[in-house]
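Shall we take a look together?

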Amino acid sequence: MIAAQQKPDHATIARFRARHEDALGKLFSSVLSMCKEAGLVKVGVIAIDGTKVHANASHHSNLDYEQLAKEILKEAGEIDAAEDELYGDARGDELPEHLRTREGRRAALKEAKQKLEAERTDSAKSEADAELVVPEVKIELASEVIVPRIQGRDGWLLEARRQLDEHRRREAKPIPRSRAERLLEAERRMAQNLEVERAANESYEHYRAHGRDTQGRRLGHPPKPFKPPETPAGKINTTDLDSRNVKTPRSYTQGYNAQAVVNEHQIVLAVEVSASSPDFGHLEPMVKATKRELKAIGVTETPEVAVADSGYWNEEQMDNVVANEHVQVLIPPDAGKRDTPRPGWDGGRYASMREALQTDYGGGLYRRRKTMVEPVFAQTKHNRRINQFQRRGRSAARSEWRLITATHNLLKLHKHQIAATVAGKTALAATGPPDSTYGPSDTHLRQGDRRDQRRYHRGRQPLCDTRAQEQLSREASGVWTVSSLVCAQAVECRRRCALAADDRKAERHRLRAPVGVASRQ
């Protein structure tokens, strides 16, 4: 239906996804609005978690600066060799064949003028429309922006890298298709990382030398001067520049950290894609993203409780979520693999959270986390086999993750509608509709009688009774499927078969009784 009975090539589909990246990402909100109309968007308790998704890149493509420089030189040499083979002794910048004559140049000039006029017309139309301008994120390394904590120099470096990562996320530059362009972009990013690192260290040393504490005193001896490396440290992937070597429960993989917020109906309320491996630092952004998505579809309710695993323990963000977002959080301070608390994590906030989780109410809320968010990841990665992004770049991966979760919500909505239809038809069948509408045929009843009589004589239940019991068990468990629907014909057949079986049983006992008495005499 969507392809109009045509079979588009995979390249056509890929170009369509790249061209409509923003539109495909916005489908998430549209599907969430449909779920709201069906009554599936309940936000009393929300669960937050993340899963690692493979990127469209290999970890073997991670190169350091020296390896990257060698690859750039090698790529340049291969391009020169290809041009020499193509052009030979020529310089390669000669005029094309159709421009070497006066008539050819005039025709080309006329065609160029027509194209220029068409481009001017298109640009005038585009200027009339609202243009999306990506705001620039400036990297501020002042003491007013970076609040010094016990991390010292590392805290300033982390804040600088966070701002740089935010700048690149807002910039959302697509990954070049050409390998040569990707290598040059990778070199530029590594050089930018080194520049930011130097600026962060200079700002930290300046703060330590001229800063004052809360009482107006100097901050003590200045730190040791930072000696910047000659070349940028670290590695970068030359296939997907935004991806990272993230940690999984068993090993490491080249990919992204895909975040999701799920409610009790396993409906995904908000999603995000991050390049950082740990979940630390994603609690407050995901709560804010959830409130934005709910506001966009017209939901005025506010989440009451947010549950997450120990990886989201961030005291500053927990305080902000409770105070500013008015959402209570339940996060255990200890991971499930630990038998004893972490060293130094005793008393105060840690003890109060452990006590809250040990209560019946708090522990019951937290135990619902696994049944809310974990099945979503299992359904997506195991059942649907979506464990890798097809496109490259963080912006493209985010759009794809929103599309994946939107289809998950569509499946949930579809099953909910089927369950509602089955419940309605079952209630109609139980009330006994008129025979003129749903009345069973005599042929069906005769076949049902004979089949149930055979099963009765073999010591088994009639099929109609078996179906009825199966239906009752499914109703009690809350599981509804199309196959479990008992129509009016089956209900009537069950009634008539039961009456016929009782009559035959009574007749059989009446006829056999005299024979038994005579044999005993």
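Q: In which helix is threonine 407 found?
A: Helices here are DSSP runs of H or I with at least four residues, and strands are E runs of at least two, numbered from the N terminus. By that numbering, threonine 407 is found in helix H11.

Before going on, a word on the model: it is predicted, so local features need pLDDT of at least 70 and side-chain atom pairs count only at pLDDT 80 or more, while totals for chains, interfaces and linings use all residues. Residues are numbered from 1 along each chain as its sequence is written, and side-chain values use heavy atoms, with hydrogens and water left out.

Q: Is threonine 407 buried, partly exposed or exposed?
A: Buried means under 20% relative accessible area, exposed means over 50%, and partly exposed lies in between, using a 1.4 Å probe and protein chains only. Threonine 407 has 26% relative accessibility, so threonine 407 counts as partly exposed.

Q: How many helices and strands does the chain have, and what share of its residues count as buried?
A: The chain has 15 helices and eight strands. Of its 521 residues, the share that counts as buried is 33%.

Q: What share of the contacts with a separation of 6 or more joins residues 24 or more positions apart?
A: A contact means heavy atoms within 4.5 Å. Among contacts in the chain with a separation of 6 or more, residues 24 or more positions apart account for 72%.

Q: Why does glutamate 75 count as buried, and which residues is it in contact with beyond four places in sequence?
A: Glutamate 75 is found in helix H3, residues 65-87. It counts as buried because its relative accessibility is 17%. Leaving aside neighbours within four places in sequence, glutamate 75 is in contact with Arg179, Ala180 and Leu183.

Q: How far is alanine 76 from alanine 180 in space?
A: Alanine 76 also lies in helix H3, and at 35% relative accessibility it counts as partly exposed. Alanine 76 and alanine 180 are 104 residues apart in sequence. From C-alpha to C-alpha, their distance is 7.8 Å.

Q: What is the phi of alanine 172?
A: Most residues other than glycine have a negative phi. Alanine 172 is found in the loop between helix H5 (153-171) and helix H6 (179-210), and it is partly exposed, with a relative accessible area of 33%. Although alanine 172 is not a glycine, its phi is positive, at about 55°.

Q: Where is arginine 385, and what is its phi?
A: The place of arginine 385 is in the loop between H10 and H11. At 64% relative accessibility, it counts as exposed. Arginine 385 is not a glycine, yet it has a positive phi of about 60°.

Q: Are H9 and H10 roughly parallel or roughly perpendicular?
A: Axes are lines fitted to C-alpha atoms, for helices over the stretch in contact, and angles run from 0 to 180 degrees between N-to-C directions. Helix H9 (residues 348-358) and helix H10 (residues 360-383) pack at about 85°, with their axes 4 Å apart. Angles under 35 degrees count as roughly parallel, over 145 as roughly antiparallel, 65 to 115 as roughly perpendicular and the rest as oblique. H9 and H10 are therefore roughly perpendicular.

Q: Which residues of H10 do Ala356, Leu357 and Gln358 of H9 meet?
A: These three H9 residues sit in the contact of H9 with H10. Their partners in H10 are Asp360, Gly362, Gly363 and Tyr366.

Q: Which residues does asparagine 320 touch beyond four places in sequence?
A: Asparagine 320 lies in helix H8, residues 315-323, and is partly exposed, with a relative accessible area of 22%. Its C-alpha atom is separated by 7.3 Å from that of glutamate 284, 36 residues apart along the chain. Not counting residues up to four places away, asparagine 320 touches Glu284 and Glu325.
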